[in-house]
Amino acid sequence: MTARELDAAGIHDHGLRAAYTRCRDLNARHGKTYFLATRLLPVDRRPAVHALYGFARWADDIVDDLASTATAAERAAALTALEAQLEKGLHSGRSAEPVIRALADTAARYGIDHRHFADFLASMRSDLTVTGYASLDDLGGYMHGSAAVIGLQMLPVLGTVVRHEEAAGPAAALGVAFQLTNFLRDVGEDLDRGRVYVPADLLAAHGVDRARLERSRRTGARDPGIIAALRAFAAHTRAVYRQALPGLGMLDPVARPCIRTAFVLYSGILDAVEADGFAVLHRRAVVPRRRRAAVALDGLARALAARAPVRRRTRQAPGPSPATSITGVTEPVRREAA
């Protein structure tokens with residue numbers, strides 16, 4: 001975490017600054033697309049986003065780290081320990097574990113519902129035992145905790161120009177769209193973990209089952225049925241993006257460039273998968289660097305344009321001006337810098 005970001009967010013305690021810095025490092029190392037988009041937020045809001053991502057990354061690594069030699073029982077025990085640390089940290093506001101300390105501080109600052117974190121961990125725990133889903137409806141239950149709640153956690157940090165309840169649906173849908181995109185991109189890697197997130201009924205509609213996926217993964221053979229099934233899964237994912245799209249205009253204008261950039265980059269992964277012939281069982285599709293750079297530059301231009309009116313108001317006002325937060329309570333406008 002840069003000192004500028006921490007100072008802007010009003011985070012001055014040395015230990016807390018170190019905790020947020022740890023979360024930022026996790027985001028920068030593991031979430032390249034998301035980290036790039038986060039750079040477009042006003043500086044005072046970035047630490048909170050890093051805390052939310054850092055916690056999600058930490059829990060996900062307990063369950064999914066392919067480099068780990070931990071057994072399923074050891075992973076379950078680690079999740080149980082994390083749940084205990086989380087509950088204690090959220091109630092006390094402190095923790096010896098840096099990621100929990102930063103998360104607890106962010107939850108308190110922005111009034112984030114603690115149930116979102118519990119729901120997230122419940123979905124992470126299911127990954128230890130559930131290896132597939134019969135239908136999209138079954139997958140949806142899992143994705144509430146693994147993805148939808150991420151969007152709901154973010155809303156208080158981003159801020160909106162509408163009531164929270166109105167923005168919640170599109171925010172949850174965007175979290176789901178991002179996760180579905182990851183599932184499509186990572187079909188091969190997830191299969192190595194023993195899991196298939198593409199629902200069985202969608203696969204069966206194209207004559208595909210787990211054994212056929214494993215055979216293609218093992219031999220490298222292209223399979224028209226698998227390609228057709230993955231194409232259908234991509235079409236479903238694009239439909240979820242369309243559900244999420246109206247939510248971009250509901251966000252605080254200074255937060256929109258960040259989420260729009262993430263929206264474009266993640267949906268661009270679908271384009272990359274399609275351009276690569278849905279070869280996700282054999283290699284990971286990536287958005288070309290040139291495309292990522294172009295989207296980032298466009299996002300930066302939008303971010304600077306959105307912040308300009310805020311700077312003018314800040315310079316002209318004799319003191320802090322009231323602004324409506326996500327909860328509807330007036331609070332001082334934060335000073336924002338590019």
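A residue is called partly exposed when its relative accessible area falls between the limits for buried, under 20%, and exposed, over 50%. By this criterion Asp-113, at 29% relative accessibility, counts as partly exposed in the predicted model described here. Asp-113 is joined by a salt bridge to Arg-115, with the closest N and O atoms 2.6 Å apart, and Arg-115 is itself exposed, with a relative accessible area of 59%.

A search of the whole structure finds 26 salt bridges. Within helix α4 (residues 46–64), Asp-61 and Arg-57 lie four residues apart, about one turn of the helix, and the two form a salt bridge whose closest N and O atoms are 2.9 Å apart. Asp-61 is partly exposed at 24% relative accessibility, whereas Arg-57, with a relative accessible area of 19%, is buried. A further salt bridge links the side chains of Glu-165 and Arg-163 (3.2 Å, N to O), where Glu-165 is exposed at 56% and Arg-163 is exposed at 55%. Through shared partners, salt bridges also join Asp-64, Asp-127, Asp-190, Arg-193 and Arg-195 into one network.

The largest nonpolar core comprises 99 residues, of which Phe-55, Phe-117 and Leu-139 touch the most other members. Helix α9 (residues 164–185) supplies the largest share of this core, twelve residues.

Arg-101, located in helix α6 (residues 98–110), is buried, with a relative accessible area of 11%. Beyond four places away in sequence, its contacts are Asp-13, Gly-15, Leu-16, Ala-19, Arg-94 and Ser-95.

Notes. Residues are numbered from 1 along each chain as its sequence is written. This is a predicted model: local features need pLDDT of at least 70, side-chain atom pairs count only at pLDDT 80 or more; totals for chains, interfaces and linings use all residues. Side-chain values use heavy atoms; hydrogens and water are left out. Helices (H or I, at least four residues) and strands (E, at least two) are DSSP runs, numbered from the N terminus. Buried means under 20% relative accessible area, exposed over 50%, partly exposed in between (1.4 Å probe, protein chains only). Contact means heavy atoms within 4.5 Å. A nonpolar core is a set of buried Ala, Val, Leu, Ile, Met, Phe, Trp, Tyr and Cys residues joined through side-chain atoms within 4.5 Å. A salt bridge is a side-chain nitrogen of Lys or Arg within 4 Å of a carboxyl oxygen of Asp or Glu.
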